[in-house]
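I opened the notebook to look up some loops, the domains, the cores and the ligand site. My entries follow in the order in which I took them.

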Amino acid sequence: MKLESKLPGTKASIFSVMSRMAMEHDAINLSQGFPNFETDQKLKDLVTKAMNDGYNQYPPDAGIMELRELISQKFNNLYGRYYKPETEITITSGATEALYNSITAFVQKNDEVIVLKPAYDSYEPSIKLAGGTPVLVQLKGNDYQVDWEEVASAITNRTRMIIINTPHNPTGTVLSEEDMLKLQGLLKDTNIILLSDEVYQHLIFDGTIHQSASRFPGLAKRSIICGSFGKTFHNTGWKTGYCVAPAELMKEIRKIHELTTFSANHPMQRAYAEYLKQPEHYLQLAAFYQEKRDTFLKLISGSRFSSKPSKGTYYQLLDFSEITTEKDTDFAERLVKEHQLAAIPVSVFNINEKDHSQLRFCFAKTNETLEKAAEILCSL
Ligand SMILES: Cc1ncc(COP(=O)(O)O)c(C=O)c1O
């Protein structure tokens, strides 16, 4: 049979490659973004209860109303924006599905989508599958600031969408209020949709306020905002997320959601709906992860790595230029093979694989794991 790939240039994701290597070399895995500690027992009990109570068949396609109502309240309380649970909120199989549905619903053949690099690796293939063209704009310097003038010059009459991600994977930077106002100004009087990936919304440090697109009226009316319960509540394997958007956008997204999964996992939705009733479950996360970040940075303070503390997410970039002039991909490979520690080389997410001699480490790990990893890093 002669098959023609729809994504011929797409290789195995760096996350699968590094996690596989970590297993092969029995290495500590600080590469892929997931915690190695357990999700709250209360949440597991709530899932079990939901199953025992008989919530084992398809839920409503857009998600159970109780959960949509709680998400609506959360946006209202945190960002001052009301989304109608009936028509403006949909529960999905992780944020990945929400992102895919949003791109598929709106990007047509020959449309352009602006993607800020480095970027999470699902965006570009999804754009290409929809027949669109990713227009890549590199974040500036090794602290990854947005050059809004460059973004402005990337906008053409074919631009259908721009994708942002704050707090940002893989760099741990966050967009400021000024950034968002500049973006709002740029998109005014255009037909461009903003796809705002906010899966790390609660993982933001040093008292910084999360600048959700929903806070800005000129952005909110054109924005689809994606969230992830897996990232928020330490259970990435449950693959449950959501998106919110004005009704006219959501109507189209739901058409794709019906085709991709129809509905997301029912017992998990019941459990999250109960758990979200207590806002401290998500409000305490910033302090929890800030402490992890600080523990990790303190543990490696005697090493030859240099860093700026991550401002959000559970990733920390470390600069290794004092240790070696190797390419980051080579150093990451050597680190896992010779020192049994897995991390992600940042160049794989940059335009032309630009290499700033930085590796990304996930600090969503037990203190014991962080200590073992730091011992290796300090020995280099
Ligand atoms: C920026 C970003 N967006 C989306 C996702 C996917 O989220 P989910 O696991 O809910 O599909 C991830 C996962 O690492 C991510 O880092």
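**Entry 1**

I began with Gln340, which lies in the loop between α14 (328-339) and β10 (341-342). Helices (H or I, at least four residues) and strands (E, at least two) are DSSP runs, numbered from the N terminus. The model is a predicted one, in which local features need pLDDT of at least 70 and side-chain atom pairs count only at pLDDT 80 or more, while totals for chains, interfaces and linings use all residues. Residues are numbered from 1 along each chain as its sequence is written, and side-chain values use heavy atoms, with hydrogens and water left out.

Gln340 is not a glycine, yet I found a positive phi of about 55 degrees for it. I noted the general rule that most residues other than glycine have a negative phi. Is Gln340 buried, partly exposed or exposed? Gln340 counts as partly exposed because its relative accessibility is 31%. The classes are buried, under 20% relative accessible area, exposed, over 50%, and partly exposed in between (1.4 Å probe, protein chains only).

I then looked at Asn352, in the loop between β11 (344-345) and β12 (358-362). Asn352 is not a glycine either, and has a positive phi of about 50 degrees. Its relative accessibility is 73%, so Asn352 counts as exposed.

**Entry 1: cis peptide bonds**

I looked up two cis peptide bonds next. One joins Lys117 and Pro118, with omega at about 5 degrees. I placed Pro118 in the loop between β3 (112-117) and α5 (123-129). Another joins Asn169 and Pro170, with omega at about 15 degrees. Pro170 belongs to the loop between β5 and α7.

**Entry 2: Thr173**

Thr173 is found in the loop between β5 (159-165) and α7 (177-187). Not counting residues up to four places away in sequence, Thr173 touches Asp143, Tyr144, Pro167 and His168. Contact here means heavy atoms within 4.5 Å.

**Entry 3: domains and cores**

I read the protein chain as divided into domain 1 (14-32 + 284-378) and domain 2 (57-278); such bounds come from an automatic or database domain assignment. The C-alpha centres of domain 1 and domain 2 lie 26 Å apart. I noted that 24 residues of domain 1 are in contact with 29 residues of domain 2.

The largest nonpolar core has 94 residues, and those with the most contacts inside it are Ile71 and Phe361. Where does this core lie? It lies between domain 1 and domain 2, because both give residues to it. A nonpolar core is a set of buried Ala, Val, Leu, Ile, Met, Phe, Trp, Tyr and Cys residues joined through side-chain atoms within 4.5 Å. A second, separate core of 21 residues includes Val107, Ile127, Met161 and Met250.

**Entry 4: the ligand**

I found 13 residues surrounding the ligand, the closest being Thr96, Asp197, Tyr200, Ser228 and Lys239. A polar side-chain atom of Asp197 lies 2.6 Å from a nitrogen atom of the ligand. For Lys231, a polar side-chain atom lies 2.8 Å from a ligand oxygen atom. Ala95 has a backbone N or O atom 2.8 Å from an oxygen atom of the ligand. Taken alone the ligand exposes 390 Å², and the protein buries 93% of that. Accessible areas come from the Shrake-Rupley method with a 1.4 Å probe; for residues, only the protein chains shown count as cover.

**Entry 5: Asn235**

My last entry is Asn235, in the loop between α9 (229-232) and β8 (241-244). Asn235 counts as buried because its relative accessibility is 4%.

Notes: Near = heavy atom within 4 Å. Polar contact = N/O pair within 3.5 Å; in protein donor to acceptor, adjacent residues only side chain to side chain.
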